[in-house]
Amino acid sequence: MKKILILMIFSFLAVSLMLFFMQINSSKSSMQSISGDYYLTSNAKDFNIPNVVTSIVTQYRGYDTIGEITILFLSIIGVFMLIKTTGFSEISKLLQEPGTIVHTATVILFPIIMLFGAYIIINGHLSPGGGFQGGAIIGSGMLLLFLAGDKKELNRTATHIVESISVSIILLIGLLGIYYLNAFFANFLYSLGTFGSIISGGIIPIIYILIGVKVTVEFFHLSEYLLRS
Amino acid sequence: MLEITITLLLTILSITMLIYIFLTKDIITAAIGTALISLFASILFLIMKAPDVAMTEAAIGAALSGAIIIGVIIRIKKEHR
């Protein structure tokens with residue numbers, strides 16, 4: 001009886017919250033409409049890409065993206081410090097031996113998930129998605145390998161080097177923007193390409209592919225250190 | 001009208017799952033419940049026309065964080081044995 005009462009109260013709260021948020025959505029505040037209108041109108045002539053979210057993430061708000069990358073990196077460092085790595089010999093004692101269904105499903109699903117993640121990373125400036133989303137998809141697809149009992153050892157030094165090099169190139173591109181156009185992350189490639197093709201938008205696809213590589217490696221490390229060491 | 005119905009249904013389902021997580025004694029069931037809430041939230045984001053956020057929520061909230069929580073639970077149980 002008590003539980004049903006609690007449930008009814010929470011459902012009432014949820015419905016009222018939903019109606020409240022719909023009310024906010026219909027009447028925009030003035031600040032929101034000013035910045036939103038600016039992004040929507042100037043995006044096409046500034047960067048020549050259809051996805052406004054990507055141009056905000058990589059160009060208008062490039063500093064925030066650097067901050068997000070740093071936060072991810074710090075959280076991974078925290079995991080490395082907390083977890084005692086015992087080496088590969090003790091790997092996969094945590095997980096049970098997989099059954100036939102899990103093994104077969106992994107063989108079929110794993111390549112499709114990898115391909116889908118790569119598609120989302122490369123088409124980040126044309127369709128919804130991008131480096132973070134595609135990297136998260138590939139990184140969580142790697143979980144399937146652990147669940148299927150894959151015993152192959154990965155060279156951790158090589159993945160660390162790939163991660164560091166991608167971050168360094170992102171920062172180098174930002175500094176090149178200062179050198180050419182006096183602004184961090186300025187789009188210094190003048191040939192923006194044709195609207196809607198893969199090679200367009202100047203430095204935006206390059207930055208997003210590098211971010212995708214970094215996010216993939218970081219999520220892979222996170223799950224590998226937690227589940228396999 | 002269909003969108004409002006789906007939104008209402010998903011909101012009530014998420015709240016019910018939240019209460020179930022609080023009341024249950026099994027900790028692995030609770031971890032799976034949090035992943036389910038993330039799945040409902042990703043559908044809600046899709047209805048609110050934010051496909052980017054929906055993708056991130058489905059990949060990180062439903063898959064990665066659930067797997068990490070379950071992995072940590074298994075680790076703790078093995079080390080206490």
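Trainee: Is A:N43 buried or exposed in this predicted model?
Mentor: The cut-off for buried is under 20% relative accessible area. A:N43 has a relative accessibility of 3%, so this residue counts as buried.

Trainee: Okay, and which helix of chain A holds A:N43?
Mentor: Look along chain A for the run covering residues 30-47. A:N43 sits inside that run, and the helix is α2.

Trainee: Which backbone oxygen lies 3.1 Å from a polar atom of the A:N43 side chain?
Mentor: Start with what A:N43 touches once residues up to four places away in sequence are set aside: the list includes A:Y38, A:P50, A:V52 and A:Y60. A:I49 is on that list too. The backbone oxygen at 3.1 Å from the side chain belongs to A:I49.

Trainee: Let's move to the interface. How much area is buried between chain A and chain B?
Mentor: The size of an interface is often given as the accessible area lost when the parts come together. Here 29 residues of chain A are in contact with 24 residues of chain B. Carbon and sulfur atoms give 80% of the buried area, and the total is about 2200 Å².

Trainee: Which element gives the largest share of the side of chain A that touches chain B?
Mentor: The elements of chain A that give two or more residues to that side are α1 (2-26), α6 (131-147) and α8 (204-228). The largest share is nine residues, and the element behind it is α1(A).

Trainee: Now chain B by itself. What pattern does chain B follow along the sequence?
Mentor: Chain B has zero strands and three helices. Read along the sequence, that gives α-α-α.

Trainee: And what radius of gyration does chain B have?
Mentor: Its C-alpha atoms fill a box of roughly 55 × 25 × 10 Å along the principal axes. Buried residues make up 32% of the 81 residues in chain B. A compact globule of 81 residues would come out near 12 Å, but chain B has 15 Å.

Conventions:
Residues are numbered from 1 along each chain as its sequence is written. Chains are lettered from A and ligands numbered from 1 in the order in which they are written. This is a predicted model: local features need pLDDT of at least 70, side-chain atom pairs count only at pLDDT 80 or more; totals for chains, interfaces and linings use all residues. Side-chain values use heavy atoms; hydrogens and water are left out. Contact means heavy atoms within 4.5 Å. Buried area is the accessible area (1.4 Å probe) that two parts lose on being put together, summed over both. Helices (H or I, at least four residues) and strands (E, at least two) are DSSP runs, numbered from the N terminus. The radius of gyration is taken over C-alpha atoms; the globule rule is 2.2 Å times the number of residues to the power 0.38. Buried means under 20% relative accessible area, exposed over 50%, partly exposed in between (1.4 Å probe, protein chains only). A polar contact is a pair of N or O atoms within 3.5 Å; within protein, one must be able to donate a hydrogen and the other to accept it, and residues adjacent in sequence count only if both atoms are side-chain atoms.
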